[in-house]
Amino acid sequence: MILEKLVLENFRQFRGRQEIVFSNVQSRNVTLVHAENGFGKTALLNALLWGFYGHDGLTDDLAHKERIIHEGVAAKSRDPDNTSAAVRILFKHEGRKYTLTRSLTLLQQGLDSRRTELSLEVLQDGETFRERLPQQRILAIMPDGISPFLFFNGERIDHLAMEENATKVTDAIQQMLGLKLLQSAIDDLSHQNVRGKLRTELRDCTSEEKAAMLDEQAGVDLKITETAEKKRTRQDNLVAIDAELEKVNAKLEANRAAAELQSRRNQLEKQKADLGERLQAVTKRLGQMISDDAYTLFADDLVKRGREITNRLRGEGKIPARVLNTFLQELLERGQCICARHLNKDTPEYQAVEQLLTIAGDQHFNNAVGALDNAIGVIEGAMQRTRDGLQESSRDRLKIREDMTVVDEAIEEIHQKLGSRDDEEVAKLEASRRDWQLKRDECIAEIGKLEGKLSELAARREELRQAIQRIADNEADAQRAQRRLDAVEESVKLLERVLEMEIEDLRPMLNKEIDDHFKKIIDRGYWAELSEDFKLTIKKSVALENLEGTKGSPLEIDVALSTGQRQVTSLVFIASLVSLARRRAEIPTILKGLSGSEYPMVMDSPFGQLSLQFREGVAKWIPSLAPQVVIFASSTQYEGPVAEVLRKARRVGKRYYLCYHGPKLAVNARPELALEGKLLEQYVEAKEEHTEIREVDA
Amino acid sequence: MPESKEQPREQTRSQQEFVKVAEPIQQLVRAVLREEREVMHLKRRPDIHQKILEHVKQHIP
């Protein structure tokens, strides 16, 4: 979606008709709106959100959400049915042009301001038509789950991309990159109303044996749904428990009597997590080695016997054979020896060659013994390597376990120390921490148990599916029902594979995009890491002494970011996601629209909390990532590096400023706006408050 | 018409996976995705399962 124009009519403080035309030229993709605090930046952002999503789209920081119509206009109105506010948004999306109009009359505002009028006209191939279900169409173009990532207040996004919002972030990624569509199709195809119904149709016309299996499969499906639901609940609980633990940790860190020990414990817990990851990696390596090569350790006797056989054959001169039977047979069939003598049957020459067949070696036998000899050599080599590898991995595992025990003991010691402190608050916090920790352990164990149950159920389901498929039906109805059920099963499997591949391919791409731009803006040796479930963390490397007190290998730890750094991280994350969605839209996929799409980034005060250095980085890089950028900025946020970078890059295609009319100018707001050496009036004293949108040269 | 100079794009892994399955399954999956695309963001979508069943019956006679 690319925004073209926004028209406001009596919306909040924008009295009368006002408009903004957005720049959609790729090289000048920034539309800049200068506005002092209190002049209407938030209202402008909300005009777009109200237009797209109605009342539900309005941001939490907008006061009196029910008052949409300009207060002065509303107060003077004598005809509430003919007094209204409207927002019109013109945008293009995937080759079509849309005109969205949302309006609300004063009469309706008094009754219920949530109920608005919405229309959506579409222009395609020179023809205009009206969408029958406008809100549905808007949600299909820009799902409400992604709007907080596209239309936002920059000063409030510092936690947007971080771990605590992982669920929302994952959802937005999946929606923007088209993965949610695949998941949704999988869920609906597997639904009781689809798969279950087809199964019932088959059950009604098949054999008793097959019907019984179908019943069992239905039962297994139900259990899978229930178990998956339980797992989801436990996962939500885990997120909540982690948040509580985080709160207690923060309180302990802030408490003078506990701060030092808590900080040490944080380090130890990171170390423990790192050791856990290493243990998992070594165990995986060990498992792989056992499944691939462990057989060689039991092949000692076989190798010895094989060697004896090949040695004996070699001693007897049977291998390598001096002459091969296939060669002699060829001579006899051809009737001529290599010495050019004719080999006619019953001649002494013929009999002499025939006699040689009794001592000739068999070609197949020779080949087989050669292969055996070679295999024995390979197995002997693998035996030693496997023995060494297993010993090394076992040593590593033991060492990691020992280190983990030491770390666990150190953590426990800290717990004992803090728990027995005379300081009542510390002791209380420590007790609460232990409680949450135990709940956490319990929750993780339950999730593990449920995962085990889910794999068992999935295996049983697959067994039943194959068994059902093997039982052939005689009736045409049953055959057709089976074909349909198979088609649904196959479709689900195909979509699951496609989804898995898409995630595998996209995650590293997004990670790279985020990391590259993050490093360009925050130059501190930090890097961004996107986990397998799309959780974003910022890491750094620290050289730590290991448990014996000697220098160990560097440890990667999560960085505790400042508010400004978090804001930059969120901005980079969103811009990278928007950029990837745009690139993905260009890749043809199995269905048009499955892939991502173009989206704008509309940012209210994106530079507010940032240091000058970060402002420069954000102004420089964000417009190069997103296809369209709309920035609302006050003069203090804009002046300096932002102005400099945008001027040099010639990125701004359209520029406006908000002129405020009212009885009093807000504190810190300037009456005039200094732009390119000119002073523009941006405050006009007036009895009635309203804001005017004025255009200036870009 | 001038000949397009654009090189044919290499198929993505998921596209390769998709074309491996039988044509009726490809058609069915395409139809389901098209249907889902219209309603996937809605909280209530009562007809989707019925529509999918109709596609199954149409593509797998």
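Helices (H or I, at least four residues) and strands (E, at least two) are DSSP runs, numbered from the N terminus. By that count, Asn668(A) lies in the loop between strand 14 (652–662) and strand 15 (672–675) of chain A. This is a predicted model, in which local features need pLDDT of at least 70, side-chain atom pairs count only at pLDDT 80 or more, and totals for chains, interfaces and linings use all residues. Residues are numbered from 1 along each chain as its sequence is written, while chains are lettered from A and ligands numbered from 1 in the order in which they are written.

**Confidence**
- The predictor gives the complex an ipTM of 0.89 and a pTM of 0.69.
- Chain B has an average pLDDT (the predictor's confidence in each residue, from 0 to 100) of 82, and 84% of its residues score at least 70.
- Within chain B, confidence is lowest in helix 1, at a mean of 86, and highest in helix 3, at 94.
- Where pLDDT is low, the predicted coordinates should not be read in detail.

**Chain B and its interface**
- Chain B has 3 helices and 0 strands, in the order α-α-α along the sequence.
- Of its 61 residues, 26% count as buried (20 or more other C-beta atoms within 10 Å of the residue's own; exposed means 12 or fewer, and partly exposed in between, with C-beta atoms placed from the backbone).
- In all, 28 residues of chain B are in contact with 35 residues of chain A, contact meaning that the C-beta atoms, placed from the backbone, lie within 7 Å.
- Helix 1 (13–20), helix 2 (23–39) and helix 3 (48–59) of chain B each give two or more residues to this side, and helix 2 gives the most, with 11 residues.

**Helix 7 of chain A against helix 2 of chain B**
- Helix 7 (residues 179–189) of chain A packs on helix 2 of chain B at an angle of about 110 degrees, with the axes 9 Å apart.
- The two helices are therefore roughly perpendicular to each other (65 to 115 degrees).
- Leu181(A), Ser184(A), Ala185(A), Asp188(A) and Leu189(A) meet Val32(B), Leu33(B), Glu36(B) and Arg37(B) here.

**Positive phi in chain A**
- Asn10(A), in strand 1 (residues 2–11), has a positive phi of about 55 degrees although it is not a glycine.
- Asn10(A) counts as buried, with 27 C-beta neighbours inside 10 Å.
- Asn668(A), also not a glycine, has a positive phi of about 75 degrees.
- Asn668(A) is exposed, with 10 other C-beta atoms within 10 Å.

Note on methods. Two residues are in contact if their C-beta atoms, placed from the backbone, lie within 7 Å. Axes are lines fitted to C-alpha atoms, for helices over the stretch in contact, and angles run from 0 to 180 degrees between N-to-C directions. Angles under 35 degrees count as roughly parallel, over 145 as roughly antiparallel, 65 to 115 as roughly perpendicular and the rest as oblique.
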